[in-house]
Each structure stands twice: as C-alpha cells, then as structure tokens.
Amino acid sequence: MNAKLYPLTFEPILKDRIWGGTKLKTYLNKSINSDITGESWELSTVTNDISIVEKGPLKGKNINELIDLYSESFLGKNVVEQFGNQFPLLFKFIDAQQDLSIQLHPNDELAKKRHNSFGKTEMWYVMQADENARIVVGFKEDSNKEEYLENLERKSLVSILNEIPVKKGDVFFLETGTIHAIGAGIVIAEIQQTSDVTYRVYDWDRVDANGKGRELHTELALDAINYSTTETKKDYKLVENESINVVDSPYFKTNVILLNEDLKWSKKTDAFTVLMCTEGNFDLFHEKECYSFKMGETVLLPAVIEEIVIKGKATILEISI
C-alpha cells in the first residue's frame, strides 16, 4: 500500500446509552435507527473501537494501520516525539436526552497505574441546547473528601456542585479530576485524550429495564477528585474567517473558525489537524480535489498536508496537538 495521504473521513462508531436520544439522527443527520444513541465516536483508537476510513483509496483501512504505514506523515513529528505511534485524541458528538451521570476522570499518573491508559482531559463545545439546559461542573466552594462523602451518602451531592446554564457556542475545558455531568437537552462536540476511563459517582438513582443501576466507582474516585473550585468556561470572541483559539493545553489546542468566505488554511504545527463541522457546510480543496462536509461531520488532515482552501458558510472546530 503506497496510496498518497489525503483528507480522511472515518465511519462513525455509534454508541447507545441509557441517557441517549435522537438528535444525532434528527439534528446531525447520522444514519441511526435507535432512539437512544448517545454518542458518535468520530475518530478513535480506543481498544475495540478503532476508526475505519470511509472513502477514497484508503477506504477500509483502520487508523492504526495508517499510523503504522505512514507514521510521521500521518501523525506529524511533534506527535511521534510525544506519543510514539499512538493516536492521542478521541473525538465525539454527544446527544444527552437525559442527564449523564455525575462523573470524573483520573489524571495520567493514576490512569497509567490503574488502567494502563491515558488520563482524560476533555473539552466541550455546545452545538445545541434546549431552553433551561445546564451542565454540572466542579464544586461551588472548595470542598474535601469528608464533605463530598457525606453529601454522596445523603444523595445531596448536587447541592455542593456548580450547575451552569449553557447555550450554543459555549466552550468548557475540563481538567482531569473535575467532577461533572452533561445535562439533558444538549448536543456537544467533545475533544478528549484517548481514554475510556470514567469514574461514575452518582447516576440520579436511575435503573435499567431490569431494575438494575449502573456500576458506581465510589472508592476509585476518592483520590482522583479535585476538591477545589475550578474555572472551566472559556470566553472568546469570534472574528469571521479567522481561526480563534479557545483552548490551549498540553494535550490539544482548539480553535473556532467562523467561515463566511474563501479561506486559505495553513497548518500551524508539525502534527495532524482535525476539523469538526458544528454548523453549516463547507467544501475543502486539496490538490485539485474537492471534499464536501456538513454539520456533524469530521475530517482528519494528515500532517503531510500543509495547505488547503475552505469555502462555504460554517462554524468549524480546528484541533491539533
């Protein structure tokens, strides 16, 4: 296999969830039959959930095969130096028809020790929010293990947590250890480290059709929680046809592009770039080929691609390392 690398799309990996709904089908036009699909994994190398190329000469290859074949041309020198031949990020669209569980994720050190995994630093971009939709994120005031456990036992945990109203375009950056829950009525684009390690601490006393609740991780969570208050919301101001930075972390950098005319795009670092279309649609031109994308679609630009032209009216998340 010696096919030239090009802008790559992958088959969505769809996940039914107890809290999922129909917006990934009705709002993002995913091909879904279920009424409880909660997640569309757009780009993943999580074990047993490896993304497969959807179109073009490399159709049918999975992302790990591409990394083995192309290494730095695919990932970029920066990424290979940091992570070897591992793909370090996971990209999702999430539909919360009901509240997700109150949960948190361990840091790199704990995740490596306990699960041989990366930690899970993540960010949310709110694509759509029903009236009065909110998220739960962090503590209202600095807390401690004792206060946390007392409220957990009394089922009053939410009383000491922040509930924040959300609207379309809001961005939240959640460091590991931050307690959180996506609230009902929200569609989110999520960027995170490659990890599926979640410590669920409260699930609203929800049970399945058999009357059984989901597993909780009370003990594992205790020394993974950040009990201090933390600022998670990222304020930014968009400028048409400019790439505006909203998150700049050691794990990933995310910009928002409000596209309203032709835009000549150049890569900013020696790494792959991912574009997630969160509104509208756009055409991407590379080496005389045109690739078209609409809201709810994701494209990976291998590191070897240095310039493209984008045309259309769209809001685009631009993510790189």
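**Charged pairs**

Analyst: Glu-163 is partly exposed, with a relative accessible area of 41%. Here buried means under 20% relative accessible area, exposed means over 50%, and partly exposed lies in between (1.4 Å probe, protein chains only). Please note that this is a predicted model, in which local features need pLDDT of at least 70 and side-chain atom pairs count only at pLDDT 80 or more, while totals for chains, interfaces and linings use all residues. Residues are numbered from 1 along each chain as its sequence is written, and side-chain values use heavy atoms, with hydrogens and water left out.

User: Which residue forms a salt bridge with Glu-163?

Analyst: The partner is Arg-134, with the closest N and O atoms 3.0 Å apart. Arg-134 belongs to strand S8 (residues 134-139) and Glu-163 to strand S9 (residues 161-165), so this pair ties together parts that are 29 residues apart in sequence. A salt bridge is a side-chain nitrogen of Lys or Arg within 4 Å of a carboxyl oxygen of Asp or Glu. Helices (H or I, at least four residues) and strands (E, at least two) are DSSP runs, numbered from the N terminus.

User: How many salt bridges does that rule give?

Analyst: The count comes to 24. One of these joins the side chains of Glu-39 and Arg-17, at 2.9 Å from N to O. Since Glu-39 lies in strand S2 (residues 37-43) and Arg-17 in strand S1 (residues 13-21), the pair ties together parts that are 22 residues apart in sequence.

User: Which residue forms a salt bridge with Arg-214?

Analyst: Asp-203 does, and their closest N and O atoms are 3.0 Å apart. Both residues are in the loop between strand S13 (199-202) and helix H7 (218-222), 11 residues apart. Arg-214 counts as partly exposed at 25% relative accessibility, whereas Asp-203 is buried at 5%.

User: Let us return to S2. How does Glu-42 sit there?

Analyst: Glu-42, found in strand S2, counts as buried at 5% relative accessibility. Its side chain makes a polar contact of 2.6 Å with that of Ser-40 and another of 3.0 Å with that of Thr-298. A polar contact is a pair of N or O atoms within 3.5 Å; within protein, one must be able to donate a hydrogen and the other to accept it, and residues adjacent in sequence count only if both atoms are side-chain atoms. Not counting residues up to four places away in sequence, Glu-42 touches several others, including Phe-10, Lys-30, Phe-91, Lys-92 and Thr-298. Such contact means heavy atoms within 4.5 Å.

User: Now a helix, please. Which residues of H6 are buried?

Analyst: In H6 (residues 145-153), Tyr-148, Asn-151 and Leu-152 are buried. Seen down the helix axis, the buried residues fall within an arc of 105 degrees, so they line one face of H6. The arc is that of the directions from the helix axis to the C-beta atoms. The face turned away from this buried side carries the exposed residues Glu-146 and Glu-153.

User: What do the buried residues of H6 pack against?

Analyst: They pack against S8, S13 and H7. At the start of H6, a side-chain oxygen of Asn-144 reaches to within 3.1 Å of the backbone nitrogen of Glu-146. Lys-155, which follows H6, has a positive phi, near 60 degrees.

User: Which residues touch the most other members in the largest nonpolar core?

Analyst: In that core of 62 residues, they are Leu-8, Phe-74 and Phe-87. Apart from it lies another core, of 22 residues, among them Leu-104, Leu-152, Ile-179 and Ala-224. A nonpolar core is a set of buried Ala, Val, Leu, Ile, Met, Phe, Trp, Tyr and Cys residues joined through side-chain atoms within 4.5 Å.

User: Finally, how many helices and strands does the chain have?

Analyst: The chain has seven helices and 21 strands. Its radius of gyration is 20 Å, close to the 20 Å that the globule rule gives for 321 residues, so the chain is as compact as a globular protein of that length. The radius is taken over C-alpha atoms, and the rule is 2.2 Å times the number of residues to the power 0.38. Buried residues make up 54% of the 321 residues.
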